[in-house]
Amino acid sequence: MCCLLVCTEFLCYPTDDRDGSSRHSLSEPSNVVVSEKLLSVYSDSVKSTYKRMRPVEVAPKVEYVELRVVEEDPFKKTKRNAEAFLENMCKANCEWVGSHGNQTIPSDRILAKDENCVKLIFGTPGIGKTTLLRHLTRRYAFGEVKSDFDLVLLFPLREKRISTAKSLPDLLAYYGKDTDIVFQSLSSVLQKSKGRSILFLFDGLDEAVHLLKEEGSCLNQLLHGKLLLEATIVITSRPGSCSHLSQLHLKCFEIQG
């Protein structure tokens, strides 16, 4: 399988804190030994889960084919493709920002921190969105790729334990079952830092769009800056659900077959 991951950036008109204007400058993490140990134990548990995970569950003997990542102007596509793209991204509210040509970029750029706190990866069904995240987190766990974050957390929105999580401790409890971590304590540590060293990977927005309308859902609170304001969030979705994020400042990646 050969795929293209095309990156475009949009500036929408935000109605919340996720426009970056109220984000605080990064400061040095707390040097509290207990907090560091707690984060270390949790991170090790998360990585252990990733190491046991294969990118493609249904074909365990098939190795992952590296994506070619391209950052380009979506309006250089055919008129039909451009019109469909704009429709999915709520064209009335979006303005394309900048042009980067056809510069090839590595797919693990997703694990890097930049000025965009919310990133969207979209593509047609079966194109490789879930596989990409599973592949990247597995390589991250084995130390094959570097990340700018202390915690990289992959949450499949299709799973009930994720979609029904109403608090940060509930969400964090998806991992760490093999530890004696008190998730309320872990949550307090992360909230003190406003989540500046955390990357959330939410897979499958199209399967849980209703969470964007539920004020109590963790996804809604994270996206609107009510929880861990300085955390970075990556979301995957089919094109039809992209418009639900049109009020956020997004960097968009398209996976193409």
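Reply: A cavity here is a set of points, on a 1 Å grid over the protein atoms alone, where a 1.4 Å probe fits but cannot get out. Grid points are joined across faces, edges and corners, and a volume is the space filled by probe spheres set on the points. A search of the whole structure finds one cavity of 30 Å³ or more.

This is a predicted model, in which local features need pLDDT of at least 70, side-chain atom pairs count only at pLDDT 80 or more, and totals for chains, interfaces and linings use all residues. Residues are numbered from 1 along each chain as its sequence is written, and side-chain values use heavy atoms, with hydrogens and water left out.

Now the lining. Lining residues have an atom within 4 Å of a point. For the largest cavity they are Leu-157, Ile-162, Ser-163, Ala-165, Leu-171, Phe-202, Leu-211, Ser-217, Cys-218 and Leu-219. Two elements give two or more residues each: helix H4 (160–163) and helix H7 (218–223). Helices (H or I, at least four residues) and strands (E, at least two) are DSSP runs, numbered from the N terminus. By type, the lining has eight nonpolar residues, two polar and no charged. Ala, Val, Leu, Ile, Met, Phe, Trp, Tyr, Cys and Pro count as nonpolar; Asp, Glu, Lys and Arg as charged; the others, Gly among them, as polar.

Helix H7 also holds Gln-221. Gln-221 counts as buried because its relative accessibility is 19%. Buried means under 20% relative accessible area, exposed over 50%, partly exposed in between (1.4 Å probe, protein chains only). Leaving aside neighbours within four places in sequence, Gln-221 is in contact (heavy atoms within 4.5 Å) with Lys-166, Glu-215, Gly-216, Lys-226 and Leu-227. Its C-alpha atom is 9.8 Å from that of Leu-211, ten residues apart along the chain. Leu-211 is one of the cavity-lining residues.

Next, the largest pocket. A pocket is an open set of points with protein on both sides within 12 Å along at least five of seven lines. About 460 Å³ of space lies in the largest one. Of the 20 residues that line it, the closest to its centre are Thr-49, Met-53, Glu-159, Tyr-174 and Tyr-175. Helix H1 (33–51), helix H3 (129–141) and strand E6 (151–156) each give two or more residues. H1 gives the largest share, three residues. This lining divides into six nonpolar, four polar and ten charged.

In H6, Phe-183, Leu-186, Ser-187, Val-189 and Leu-190 are buried. Seen down the axis of H6, these fall within an arc of 160°, so they line one face of the helix. The arc is that of the directions from the helix axis to the C-beta atoms. The buried residues of H6 pack against H1, E6, helix H5 (168–172) and E7.

Finally, confidence. pLDDT is the predictor's confidence in each residue, from 0 to 100. The protein averages 76, and 68% of the residues score at least 70. Over residues 19–31 the pLDDT is below 50. Where pLDDT is low, the predicted coordinates should not be read in detail.
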